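Hello,

Here is the structure I promised to pass on. Have a look at it first, and then read my notes on its aromatic rings below.

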Amino acid sequence: QVQLVESGGGLVQAGGSLRLSCAASGNIFSRYAMGWYRQAPGKQRELVAVITSGGTTNYADSVKGRFTISRDSAKNTVYLQMNSLKPEDTAVYYCNADKKSPVRVIYWGQGTQVTVSS
């Protein structure tokens, strides 16, 4: 069982920055892709950024150039640095751990609220 605990959310003005953290209960990065998802009110949860076990990163088009996903294996922590925030970035942000083989296993954190005011 993997536990994921997010932190770092809050209220920020448009144009500001926040850094989200996701602490994992163990050294899982060599086996799991780690992702950040978000869900705004009335909308489906969407992928924001992912870092694979090999270190490859991918981003949603809406955040490219503004958000950066990274990880610190020594701290078992994944980060999402969010710059140039926009009101449309307002959502609950969730950390995700995803292992595809030999059996698909997915874990979610409890989520952290990010609110961007205009």
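**Aromatic rings and a nearby charge**

Tyr 37, Tyr 94 and Trp 108 are joined into a cluster by ring pairs. Please bear in mind that this is a predicted model.

Searching the whole structure turned up three aromatic pairs. One of them is formed by Tyr 32 and Tyr 107, whose rings are 6.1 Å apart centre to centre, with 45 degrees between the planes, a tilted arrangement. Tyr 32 sits in the loop between strand 3 (18–24) and strand 4 (33–39), while Tyr 107 belongs to strand 10 (residues 105–108), so this pair ties together parts that are 75 residues apart in sequence. Tyr 32 and Tyr 107 are both buried.

Now back to the cluster. Tyr 37 and Trp 108 make an edge-to-face pair, because their ring centres are 5.0 Å apart and their planes lie at 70 degrees, where anything over 60 counts as edge-to-face. This pair, too, links distant parts of the chain: Tyr 37 is in strand 4 and Trp 108 in strand 10, 71 residues apart. Tyr 37 is partly exposed, with a relative accessible area of 21%; buried would require under 20%. Trp 108 is partly exposed as well, at 38%.

Which rings does Arg 45 sit over? One is Tyr 94, where the charged end of Arg 45 is 3.7 Å from the ring centre. Another is Trp 108, with Arg 45 over its face at 4.5 Å from the ring centre.

Enjoy looking through it, and do write back with any thoughts.

Best wishes

Conventions. Residues numbered from 1 in each chain as written. Predicted model: local features only at pLDDT ≥ 70, side-chain atom pairs only at ≥ 80, totals over all residues. Heavy atoms only, no water. Phe/Tyr/Trp six-rings, centres within 6.5 Å; stacked < 30°, edge-to-face > 60°. Helix = DSSP H or I, 4+ residues; strand = E, 2+ residues; numbered from the N terminus. Buried < 20%, exposed > 50% of the residue type's maximum accessible area, 1.4 Å probe, protein only. Lys NZ or Arg CZ within 6 Å of the ring centre and 35° of its normal.
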